[in-house]
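Me: I would like to learn how to read a protein model step by step, beginning with the overall layout and then turning to single contacts. Could you guide me through this one?

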Amino acid sequence: MGIKVVSGDISLIVSQGGREADDEDVSNMGASVSYKLPNGMVVGAYTFKSEDDIDTGEEYSVNHYEAIYPIASGLSAVVTVSDFDYEGGTSGNGGADENGTITTLNIKAFLSPRLRIVSSIPDPTGPLIKSTASLRDLP
């Protein structure tokens, strides 16, 4: 279950969930916040924690920090830093303890699926006729 609240350029999301099975009783909790700056850049942070109550001490937590910078129309640079920590627990069912930081840079391109047809037809008896159509205009 979760909730999202948006007010202007600020967005807040909180979520909670879980899973129960014969060998696990996992509970999850996450929260995020993002803010869109006047120049179009979006900055955000997200935190998540998961615990398994059956596997004593097994838990995973991660904090993500992200900045999305618009380079041009449909093109943006995304920098993400993820700081994670995994504790395998003492029951022997979990994996080895791990922690670290991962930093990524992605360049994302959004290609619009619009078909544009532009034609100019010179009319010898009148002015220049111009027309434009997109997929929304076609049946």
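Me: How many helices and how many strands are there in the protein chain?

Reply: Before counting, please note that this is a predicted model, in which local features need pLDDT of at least 70 and side-chain atom pairs count only at pLDDT 80 or more, while totals for chains, interfaces and linings use all residues. Residues are numbered from 1 along each chain as its sequence is written, and side-chain values use heavy atoms, with hydrogens and water left out. Helices (H or I, at least four residues) and strands (E, at least two) are DSSP runs, numbered from the N terminus. In the protein chain there are 0 helices and 9 strands, and from the N terminus on the elements run β-β-β-β-β-β-β-β-β.

Me: What share of the residues in the protein chain is buried?

Reply: A residue is called buried under 20% relative accessible area, exposed over 50%, and partly exposed in between, with a 1.4 Å probe and protein chains only. Of the 139 residues in the protein chain, buried residues make up 15%. One of the residues to look at is Ser50, which lies in strand E4 and is buried, with a relative accessible area of 13%. Ser50 and Asn28 are 22 residues apart in sequence, yet their C-alpha atoms are 4.4 Å apart in space. Met41, by contrast, lies in the loop between E3 and E4 and is partly exposed at 23% relative accessibility.

Me: How should I read an aromatic pair, and how many does a search of the whole structure find?

Reply: A pair of aromatic rings is described by the distance of the centres and the angle of the planes. Rings of Phe, Tyr and Trp (its six-membered ring) pair if their centres lie within 6.5 Å, and planes under 30 degrees apart count as stacked, over 60 as edge-to-face and the rest as tilted. The search of the whole structure finds 1 aromatic pair. This pair is formed by Phe48 and Tyr60, and it is tilted, with 6.4 Å centre to centre and 55° between the planes. Phe48 lies in strand E4 (residues 42-52) and Tyr60 in strand E5 (residues 58-72), so the pair ties together parts that are 12 residues apart in sequence. Phe48 is partly exposed at 22% relative accessibility, and Tyr60 is partly exposed as well, with a relative accessible area of 31%.

Me: Where does Thr80 lie, and which side chain does a polar contact join to that of Thr80?

Reply: A polar contact is a pair of N or O atoms within 3.5 Å; within protein, one must be able to donate a hydrogen and the other to accept it, and residues adjacent in sequence count only if both atoms are side-chain atoms. Thr80 lies in strand E6 (residues 75-88) and is buried, with a relative accessible area of 13%. A polar contact of 3.0 Å joins the side chains of Thr80 and Glu66. Glu66 has its place in strand E5 and is partly exposed at 34% relative accessibility. Glu66 and Val78 are 12 residues apart in sequence, and their C-alpha atoms are 7.0 Å apart in space.
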